[in-house]
2 protein chains.
Amino acid sequence: MENHRPLILITNDDSISAPGIMHLARCVSSMGDVVVVAPEHPHSGQSAAITVGAPLRIKERPCDEEGIRLFTVNGTPVDCVKLAIHTIVPRKPDFVFSGINHGSNSGVNVTYSGTMGSVLEGCIEGIPSVGFSLLHHSMKADFTLSTAFVAAIAHDVIAHGLPAGVCLNVNIPAKVIPEGIKVCRAARGYWTDEYQRYLDPQGVPFYWLQGHFVNQEPEATDTDEYWLSCRYVSVVPVKCDQTAHDAIKALADRLDSTTGEA
Amino acid sequence: MENHRPLILITNDDSISAPGIMHLARCVSSMGDVVVVAPEHPHSGQSAAITVGAPLRIKERPCDEEGIRLFTVNGTPVDCVKLAIHTIVPRKPDFVFSGINHGSNSGVNVTYSGTMGSVLEGCIEGIPSVGFSLLHHSMKADFTLSTAFVAAIAHDVIAHGLPAGVCLNVNIPAKVIPEGIKVCRAARGYWTDEYQRYLDPQGVPFYWLQGHFVNQEPEATDTDEYWLSCRYVSVVPVKCDQTAHDAIKALADRLDSTTGEA
């Protein structure tokens, strides 16, 4: 039996220039062969967007870290995963790790997150995949306190894999040594007061996204928002199948008899 | 009691110029007050992407259809829903309908679809929301055979609502009168052979997304792919909560004891 090291594909949505991605690469570089394929430019909030109808370019960058190769793609996080698998890496990656994101992807943010978009893409491809995010937006964020936890989760996933169709959304409190890890569910919530209104020099209005997250379950003690507030690393298992299986029967009773001849 | 007509927000990802969106608006214009807020330019494959760090503009367009108002936003489908709710419509919409998309959003396409991104946004906001897609990419696609089914599903959702946290992904076979409606689950699958490679005039390679969908469950008779192949309209209930609740316990047994001091 060939004793090969696992092939770890690393990506993010903050771009190759964001410090979080090299921190992640260093956290796992002893665990396998690491190939970093990241967007050339920031793609926060790009969800699972793909580039359709436009050409993509791949560029290799020099890397002074042993055992790590670096590439950029002029596209989205999902483009990076797709193009990496199709063209860049020599065989299908064994793991996809994304991040470390500069900013939270807890709660409903999983829907908008480019970090988690790339993780879902790995999951759809059947690859155990994990997104890591630090609750600090700054490009100067200190990732060192997260190192042991990122390494422990990566090590566990490399050792044990993940259930089919399930990936992980890991969020890490900033500026503290985390108390531990809690596997939990995403808090229900939404964003509100979302846009600031401005007038341009011609007096024409324009709008800029801002807003704040409303946790609709502030009393719940089994959500990622709760455990992050307790200074724990939250680990939410996320399904790539979005079908609401429980809802099929009642809806079928209502709709399957519709003929379109009403 | 005030007997007000429901407020129906309509959007899409193919842009205000795509014929499918006005077809959808006409299908439901007798059922409520219709406000169309659509991307200025096409945003296929934009998933639930949001515009962060850049300004958005709203423009009203004249509309010669009675009872329908038209607006464009220079952003994504989710931007359209967010900005519509925040700024354009006089009160929270009662329903969000997106489409009719020019092309399929069945199976795994729900993940990449801008149509379904906007529908998930409505769902996150607590609004019963439905995405409609016709299995025909052409801007000259004939939507007339879909009319009765689109109207029937919209009418049902307006009459009965949807379960909390659940939206609908409706796909409609093209060029046939559908046999009926089937509520079902999304087929598992993925895209393969995804990029065509070219050389530019300088001999530098670039890549263009293509590929084809691989249905991993070709034998299954309860999936959207199956029922679409039987010329039925497929209706997949989709959850906005992506947590894999079933996976929490086993993962917690593995990870919750990790201290980060390994």
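This is a short walk through a few local features of the structure above, which is a predicted model.

Okay, let's start with a helix pair in chain A. Two packed helices are described by the angle between their axes and the distance between the axes. Here the pair is α2(A), residues 77-88, and α4(A), residues 114-124; their axes come within 7 Å and cross at roughly 30°. Angles under 35 degrees count as roughly parallel, so that's what we call α2(A) relative to α4(A). As for handedness, the crossing of α2(A) past α4(A) is right-handed.

So who is touching whom? On the α2(A) side you have P77(A), V78(A), V81(A) and K82(A), and they meet G114(A), G117(A), S118(A), E121(A) and G122(A) of α4(A). By residue type, that contact has three nonpolar, four polar and two charged residues.

Over in α4(A), have a look at T115(A). T115(A) is buried, at a relative accessible area of 0%. Setting aside neighbours within four places in sequence, T115(A) touches D13(A), S98(A), G99(A), N101(A), N105(A), G131(A), F132(A) and S133(A).

I100(A) sits in strand β5, residues 95-102. In chain B, G99(B) and I100(B) are also joined by a cis peptide bond, with omega about -15°, and I100(B) is in strand β5 of that chain.

Next, a loop residue. E65(A) lies between β3 and β4 of chain A and is partly exposed, at 24%. Beyond its neighbours within four places in sequence, E65(A) contacts M22(A) and R26(A), and a polar contact of 2.8 Å links the side chains of E65(A) and R26(A).

Last stop, two residues in chain B with positive phi that aren't glycine. S47(B) has phi near 50° and belongs to the loop between β2 and β3. K175(B) has phi near 65° and belongs to the loop between β7 and β8. Which of these is buried and which exposed? S47(B) is buried, at 4% relative accessibility, whereas K175(B) is exposed, at 66%.

Notes: Residues are numbered from 1 along each chain as its sequence is written. Chains are lettered from A and ligands numbered from 1 in the order in which they are written. This is a predicted model: local features need pLDDT of at least 70, side-chain atom pairs count only at pLDDT 80 or more; totals for chains, interfaces and linings use all residues. Side-chain values use heavy atoms; hydrogens and water are left out. Axes are lines fitted to C-alpha atoms, for helices over the stretch in contact, and angles run from 0 to 180 degrees between N-to-C directions. Helices (H or I, at least four residues) and strands (E, at least two) are DSSP runs, numbered from the N terminus. Angles under 35 degrees count as roughly parallel, over 145 as roughly antiparallel, 65 to 115 as roughly perpendicular and the rest as oblique. A crossing is left-handed if the near helix is turned anticlockwise from the far one by less than a right angle, and right-handed if clockwise. Contact means heavy atoms within 4.5 Å. Ala, Val, Leu, Ile, Met, Phe, Trp, Tyr, Cys and Pro count as nonpolar, Asp, Glu, Lys and Arg as charged, and the others, Gly among them, as polar. Buried means under 20% relative accessible area, exposed over 50%, partly exposed in between (1.4 Å probe, protein chains only). A polar contact is a pair of N or O atoms within 3.5 Å; within protein, one must be able to donate a hydrogen and the other to accept it, and residues adjacent in sequence count only if both atoms are side-chain atoms.
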